[in-house]
Every structure is written in C-alpha cells, then in structure tokens.
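I opened the notebook to record what I looked up in this model.

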Amino acid sequence: MSDDVKDAGLVAMISSILGGNKRADSVAPPPLTEGPPTVPSNGADAVATPVPEATSTGQEDATSAAPATVEPVEPPAKIVTTRDGKQLLPAEAIADLVLGELRKLENFPATGASVTVYGYRHWNAMITFAPFSTNFQNATRFRQAMPDLVFKLRRFVELEI
C-alpha cells in the first residue's frame, strides 16, 4: 500500500475524530445487485478426485499395490426454511452471505474485512476493517451500502437462534 493512501487514511481518521468529517457525506454508496443471495462455497461441496498413481515398471504386480483411499463426502445439510419461505441460517452463515455480497462491489478489500451479525427477529450486520485494508472513502461507501444490503437479505434470510 502506498504512503499516499496511508497518509490519506490517517488524515481522514484524525479529521473525523476532530469533527471535520465533511468528505464522508458526499460519498454515494455503490449500487447493489438484485436477486436472492448466493452462498459462498466453503469447499464442502467439492468432490475429492483420486490422485493418479505413478506408473509402475512392471516389476510390481497389481495385487500388492495399495488402493487409493477416497474420503467420503458428507451430503449437504438440508436447508431449513420458515413458513414465509425464508432460509433459517446461523449468524456465521449470514455474515458469510453479507461478506460475499460486499466482495462483488468494486475496490472491496480481499482481506481485512469482517462482518458481525447481531439481533434476533430484525437482525442487523456491522462491518469492520483492519488497519490499512482499505482507504477512508471506500470504507465509507461500504458502510453506507450495508443498510440496503441487509434490508434486501432480510427478505430471503432469517437468523437462527
């Protein structure tokens, strides 16, 4: 990360502490995509492919070679829905959904962002950024996009307790 970006972030942080945060009001949130959310893949749905064995020179016979062990893949968990047709998900899964939708936005950091889901019936989400993971203007855009994103996700997802 360049020194200019770090300096701009420090200046923005100091000005926001001192009450001179005039730039954050003029930043517009990025547009969000319409439609139901897509659950990011955690690798559990990938099927293990057997590794091809090295070719033998003919001195070993096929019965002495140990067969390749393939670990069984667990079937995906059944998706629980409410009477309204919403998916019932734990807070960690909803946080992954929110983070997955935010990653679709331009200039969203690959690392250093975390989402916390809280509440019950009307759940909400909070985003935090690690130092130097993004600049002040982008962080403000992403935070301003969160209410719209949460509102849209609430139509499809309910928090499981």
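I looked up I14 and found it partly exposed, because its relative accessibility is 46%; buried means under 20% relative accessible area, exposed over 50%, and partly exposed in between, with a 1.4 Å probe and protein chains only. The model is predicted, with local features needing pLDDT of at least 70, side-chain atom pairs counting only at pLDDT 80 or more, and totals for chains, interfaces and linings using all residues. Residues are numbered from 1 along each chain as its sequence is written, and side-chain values use heavy atoms, leaving out hydrogens and water.

I placed I14 in helix α1, residues 3-18. Helices (H or I, at least four residues) and strands (E, at least two) are DSSP runs numbered from the N terminus.

I then checked the surface around I14. L10, M13, I14, I17 and L18 make a nonpolar patch there, together giving about 540 Å² of accessible area. Patch residues have over 30% relative accessible area and no salt bridge; like charges are joined within 9 Å, nonpolar side chains (Val, Leu, Ile, Met, Phe, Trp, Tyr) within 5 Å. Areas are by Shrake-Rupley with a 1.4 Å probe; for residues, only the protein chains shown count as cover.

I searched for salt bridges (a Lys or Arg side-chain nitrogen within 4 Å of an Asp or Glu carboxyl oxygen) and found one. K104 pairs with E101, with 3.1 Å between the closest N and O atoms. K104 is partly exposed at 49%, whereas E101 is buried at 9%.

Last, I noted three helices and four strands, in the order α-β-α-β-β-α-β. Of the 161 residues, 26% are buried.
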